Amino acid sequence: MASYPALGQLLRAPRLIPWRNWSGGQSCLPAARLAPKNLDELVTVIKQAQGKIRPVGSAHSFSALVPTDGTLLSLSYFNGLLDHDAKTLQAEFAAGTPMSRMGLPLKDIGQALQNMADIDYQTLAGAIATSTHGTGKNFQSYSAHVCGMQLVTANGEVLDCDSQRHPEVFNAARVSLGALGVTTRIRLQNRPAYRLRERQWIAKTEELLEDLEKNTRENQHWEMLVVTHSDYALSIALNETDDPATPPISPEEEGGNEFVTLIEKIDKYGSDFPDLRRTLLNSLRHLASFDERVGDSFDIYANVRTVRFNEMEYSVPAEHGPACLREILKLIQDKDLRTWFPIEYRYVKADNIALSMFEGRDSCSISVHQHYQMDHHNFFAAVEPIFWKYNGRPHWGKLHTLNARTLQPLYPRWREFIDVRQALDPSGRFLNAHLSSILGVS
């Protein structure tokens, strides 16, 4: 190929280019940063690269999944819709496709994702590898909707996997952490295109918790954003509709930036006066107003995120969600922990994937955040034991402190994944220090 001389030069004498993730919390100086243009080049890179190899997507993982001093491998050229089936409502995408660029191509063929997370900056491969999810008691994570994938292993072998071909690899690769190889193609089970209506309202957090059964029963997708150091939360409900779309709003309005800015200022200037801060935060409910929105599903699910942060998320058994949240809020109040980002509270349906946070149990996902310029370590360290108390499983793309010894008891099918990883990559070419720790590979 004409591009191979340049590729060869990069493999022999790369120019060192630093990498950091979206929040700035993770960084590395890899020996090489490569973006193969096609499958043949990718296979060549994997066969010839020296040291460790880590695939990288849009850098939206907060945990240390990516950093390496070896080869950082981007699939930015592996992009777009590759194939689809109108009868089965399945579609195949190149694995490096950003989720934000999937909605319109799917709409053009009459399809849509069954559910989406509240941001769409991730690449498809990254979202699948970490079991990224949206909300809704009857909806599973992205990974559960994967019905086929192509994987390039450590020795350069190309495996096409599904429930019939290499089923043991397929079952593990649907949540792989990038530890099994490089995913190049992903086939998804979708549904017919649809529109959603978004409704938002402010209510007392305790009242929303008391009405959980009603809110999750009457709304297909429901979540709440709990304003810390206050008594209130933003409740968000999304439901399918045939109503016409409402006029689009600006990114600033969509992201709720004015509301967030007010919360940030109250924290900055009122943190020395806890009672006053609580009064001011509670009063914000009088200033908040939210217009209902109707639009294509992919436009309504995703939100603009202009304020950077670091995040820790655990999924606990669904029945323990309210108790876990209440205990976190009590800790923040009793210890007057410095934080102003809302706590995100969502539900996800169980699946059967070995390393999925939702394997074998319906779950409640609770996320705590800290502004990227504020130290998150003490805050997260204080909250994390509460998640452990409720048998929580950490989101693989978010910050946590567990290792293989503490993770293995949380996953009944842990050994299935470990055995597949060992068979595909016995020398650990796709591992970094973080993965070695959480998977127990010395």
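Arg 197 and Asp 243 form a salt bridge in this predicted model, with their closest N and O atoms 2.2 Å apart; a salt bridge here is a side-chain nitrogen of Lys or Arg within 4 Å of a carboxyl oxygen of Asp or Glu. The pair links distant parts of the chain, with Arg 197 in strand β13 (residues 195-204) and Asp 243 in the loop between β15 and α8 (251-254), 46 residues apart. Helices (H or I, at least four residues) and strands (E, at least two) are DSSP runs, numbered from the N terminus. Arg 197 is partly exposed, with a relative accessible area of 27%, and Asp 243 is partly exposed at 33%. Buried means under 20% relative accessible area, exposed over 50%, and partly exposed in between (1.4 Å probe, protein chains only).

Some reading notes follow. Residues are numbered from 1 along each chain as its sequence is written, and side-chain values use heavy atoms, with hydrogens and water left out. Because the model is predicted, local features need pLDDT of at least 70 and side-chain atom pairs count only at pLDDT 80 or more, while totals for chains, interfaces and linings use all residues.

A search of the whole structure finds 25 salt bridges. One of them joins Glu 240 to Arg 191, with the closest N and O atoms 3.0 Å apart. This pair also links distant parts of the chain: Glu 240 is in strand β15 (residues 232-241) and Arg 191 in strand β12 (residues 191-192), 49 residues apart. Glu 240 is partly exposed, its relative accessible area being 37%, and Arg 191 is partly exposed at 21%.

Another salt bridge runs between Arg 338 and Asp 267, whose closest N and O atoms are 2.8 Å apart. Here too the pair links distant parts of the chain, Arg 338 being in the loop between α12 (321-334) and β18 (343-348) and Asp 267 in helix α9, 71 residues apart. Arg 338 is partly exposed, at 39% relative accessibility, whereas Asp 267 counts as buried because its relative accessible area is 3%. Elsewhere, Glu 311, Glu 313, Glu 344, Arg 346 and Lys 398 are linked in a network of salt bridges.

Phe 380 counts as buried because its relative accessibility is 5%. Leaving out residues up to four places away in sequence, Phe 380 touches Asn 310, Glu 311, Met 312, Val 368, His 369, Gln 370 and Leu 399; contact means heavy atoms within 4.5 Å. Phe 380 and His 400 are 20 residues apart in sequence, and their C-alpha atoms are 8.2 Å apart in space.

The next topic is the nonpolar interior. A nonpolar core is a set of buried Ala, Val, Leu, Ile, Met, Phe, Trp, Tyr and Cys residues joined through side-chain atoms within 4.5 Å. The largest such core has 121 residues, and those with the most contacts inside it are Tyr 345, Trp 396 and Leu 439. Apart from this core lies another, of six residues, among them Trp 19, Cys 28, Val 56 and Val 66. Beyond its neighbours within four places in sequence, Trp 396 is in contact with residues including Ser 63, Thr 130, Val 175, Leu 355, Tyr 411 and Ile 438.

An annotated part of the chain comes next. The unreviewed UniProt entry places the feature "domain: FAD-binding PCMH-type" at residues 26-193; the position is given in the numbering used here, the feature name is shortened, and the annotation may be inferred rather than shown by experiment. The span of residues 26-193 is 17% helix and 27% strand, and its end C-alpha atoms lie 37 Å apart.

Thr 71 is found in strand β5 (residues 71-74). With a relative accessible area of 4%, Thr 71 is buried. Leaving aside neighbours within four places in sequence, the contacts of Thr 71 are Ala 32, Leu 34, Ala 49, Gln 50, Lys 52, Ile 53 and Arg 54.

Thr 97 lies in the loop between β7 (90-94) and α3 (103-108), and counts as buried at 0% relative accessibility. Its contacts, with neighbours within four places in sequence set aside, include Phe 78, Asn 79, Gly 80 and Gln 122. The C-alpha atoms of Thr 97 and Gly 57 are separated by 9.0 Å, although the two are 40 residues apart along the chain.
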